[in-house]
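Hello,

Here is the structure I promised to pass on. Please open it first; my notes follow below.

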Amino acid sequence: MRTSKYLITTSKETPSDADTVSHQLMLRAGLIRKLSSGLYTWLPLGHRTLQKLTKIIRESMDETGAMELLMPVVQPSQLWKETDRWTKMGPELLRFKDRNSRDFCLGPTHEEVITDLVRDEINSYRQLPATLYQIQTKFRDEIRPRFGVMRSREFIMKDAYSFHLDQECLDQTYEVMSQTYSSILDRLQLDYRIVDADSGNIGGSASHEFHVLADSGEDEIVFSNASDYAANVELAKGTVPKSPSPQSPNSPEIVETPSIKTITDLCSHLSVERDRCVKTIIVQGCDQDGVRNGSLITLVIRGDQTINETKAEKLEDVASPLTKATEEEIERVFGCVPGYLGPLATDVKIYADPTAVELTNFTCGANINDKHIKNANWNLPSTTDLKPHYDDIVDIRRACEGDLSPDGKGTLSKQRGIEVGHIFQLGKKYSSSMNATALDKNGKGIILSMGCYGVGVTRLIAACIEQKHDEKGIVWPAIIAPFLLVIIQVDGHKSEQVIEISEKLYNSAKELDIDVLLDDRDRKTSPGAKFADSELIGIPHRFVVSPRAIADGALEYKERNTNEKTLKTVNECVQLINDIAKQ
């Protein structure tokens with residue numbers, strides 16, 4: 001490809017509305033252009049990288065025996081109503097009506113569509129297990145699209161779905177897919193972690209995310225410094241390394257704490273440590289179907305710890321999303337305002353975190369305005385009617401850096417990650433509600449078990465840039481660079497030899513099927529601008545052909561990954577091109 005005939009639209013200026021490095025560099029390097037909020041056009045350079053990444057993913061999936069298909073972006077509402085997700089899915093699901101007033105949506109995912117297909121096409125154990133996948137456009141009506149293609153409304157995803165007669169078979173495919181995703185990220189030379197994760201709206205049991213480590217990541221992950229344990233902070237478990245030493249129970253005492261409503265003010269007023277206090281949070285409850293029913297639930301945690309909302313939402317009688325009770329509800333049920341609440345026996349169910357339960361002689365609210373209890377102890381006789389109590393002990397604490405790893409190996413570190421892949425064991429969540437069955441060897445109809453495996457293709461490109469860049473621009477893994485080699489002509493209008501040698505190298509690369517770019521732009525484009533463009537775009541290998549280099553008998557070669565420059569004869573350059581072709 002010749003630069004003079006290729007659409008390259010680089011920019012020196014950093015866009016003011018681009019917050020992340022990947023968004024800035026993708027715009028500056030001319031990979032994408034914004035059409036509207038969360039909608040991007042992929043320009044030729046970006047599309048080349050997109051196609052190369054898609055090829056890697058397709059090859060990796062095909063090696064597992066998965067079969068590629070393509071499903072519609074537009075999906076009818078009746079399928080979503082079968083799984084009850086038409087109403088449960090939030091405003092991210094873009095719904096619309098066709099000319100006949102029938103309800104449709106733009107697909108954010110395809111569990112319903114694939115299950116509908118399989119229940120019609122697969123009916124025997126002889127056709128199983130089966131894994132079907134597609135690489136296709138998705139749409140989620142994000143409330144606040146940001147970070148370029150990292151969180152856009154329209155994006156490209158590889159989503160795969162597997163079908164099985166039993167759990168053992170599902171487990172095997174799940175492990176294969178985990179290894180496949182790891183191999184893809186390994187080929188891209190990325191630093192990543194596989195973490196335990198929440199299944200979210202997709203549902204199911206086992207769930208793991210693949211996170212590329214980057215400071216700009218939206219997710220916090222924790223991992224052991226001495227083992228393979230890693231988890232999204234939403235689910236991470238850990239043990240506080242230094243819990244307060246148990247003490248012999250003292251007599252409880254109600255103390256005056258006028259206008260003291262925060263842990264910080266309480267500790268200062270009573271000269272106590274945060275880890276000797278408990279926090280009491282009142283949230284809204286629900287019935288066994290998850291429907292809010294006006295009930296309240298009490299959550300208790302040690303004063304220096306933080307509630308993990310995702311863990312709390314998983315409690316069967318806690319409404320999701322987690323919602324704190326209003327001040328009016330608290331006053332009506334407990335007789336005090338927030339700030340003076342304590343885990344005291346009432347008709348309201350109390351869940352206490354282990355960090356709170358192990359405390360003795362702690363300080364908590366007295367459920368009386370302007371009063372707290374000092375030297376409170378759990379379920380012990382008290383001289384007051386205000387006896388601290390809990391109904392169940394559950395882990396509702398947000399894991400922290402420095403916690404002991406739950407596997408007993410090392411301590412937890414915390415880092416930000418970009419989620420680029422997510423695998424789920426869906427079980428029978430969708431197949432049961434949509435009646436997807438197949439006959440086993442005995443002729444018995446079995447509801448199929450399902451797995452779901454997604455890779456955010458466009459997001460993965462942004463994640464690569466977040467991890468692989470420098471002050472000059474993108475540093476692509478060679479396997480997905482838009483061009484592998486650039487040959488830059490300097491003062492070609494002054495020297496026929498410059499044209500001759502650069503054409504020779506260019507043709508040598510083309511003959512070996514190397515993606516090569518010949519920068520043959522005329523004298524209006526300075527050598528410095530050509531160099532800057534090649535570095536901004538991130539082309540891994542560069543030759544500079546100039547009159548001075550020819551006179552000295554050696555051309556300049558630069559490797560983008562190391563930014564090292566060396567001098568090579570023309571014959572050595574030809575040999576290097578052969579070496580590049582073998583990589």
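What volume does the second largest cavity have? About 50 Å³. This is a predicted model, where local features need pLDDT of at least 70, side-chain atom pairs count only at pLDDT 80 or more, and totals for chains, interfaces and linings use all residues. Residues are numbered from 1 along each chain as its sequence is written, and side-chain values use heavy atoms, leaving out hydrogens and water.

Cavities

The search of the whole structure finds 4 cavities of 30 Å³ or more. A cavity here is a set of points on a 1 Å grid over the protein atoms alone, where a 1.4 Å probe fits but cannot get out; lining residues have an atom within 4 Å of a point. Volume is the space filled by probe spheres set on the points, which are joined across faces, edges and corners.

The second largest cavity has residues including Thr-3, Ile-8, Arg-521 and Lys-530 in its lining. Two elements give two or more residues to that lining: β27 (516-519) and α14 (527-537). α14 gives the most, with 4 residues. The lining divides into 5 nonpolar, 2 polar and 4 charged residues. (Ala, Val, Leu, Ile, Met, Phe, Trp, Tyr, Cys and Pro count as nonpolar; Asp, Glu, Lys and Arg as charged; the others, Gly among them, as polar.)

The largest cavity has a volume of about 50 Å³. Among its lining residues are Tyr-181, Phe-210, Val-420 and Gly-421. α6 (167-187) and β20 give two or more residues each. The largest share, 3 residues, comes from α6. This lining has 7 nonpolar residues, 1 polar and no charged.

Strands

Helices (H or I, at least four residues) and strands (E, at least two) are DSSP runs, numbered from the N terminus. Two strands pair if DSSP finds at least two bridges between them.

β20 (residues 412-427) also pairs with β11, antiparallel, over 6 bridges. Ile-221 stands opposite Gln-415 there. A hairpin of 5 residues joins β11 to β12. Those two strands run antiparallel, with 3 bridges. Phe-223 has Ala-230 as its bridge partner in β12.

Elsewhere, an open sheet of 3 strands has the order β4-β6-β5, paired antiparallel. β4 (74-76) and β5 (95-97) are the edge strands. Val-74 stands opposite Leu-106 in β6.

Best wishes

Technical notes: 1 Å grid on protein atoms, 1.4 Å probe; cavity = no way out; pocket = protein on both sides within 12 Å on 5 of 7 lines; lining within 4 Å.
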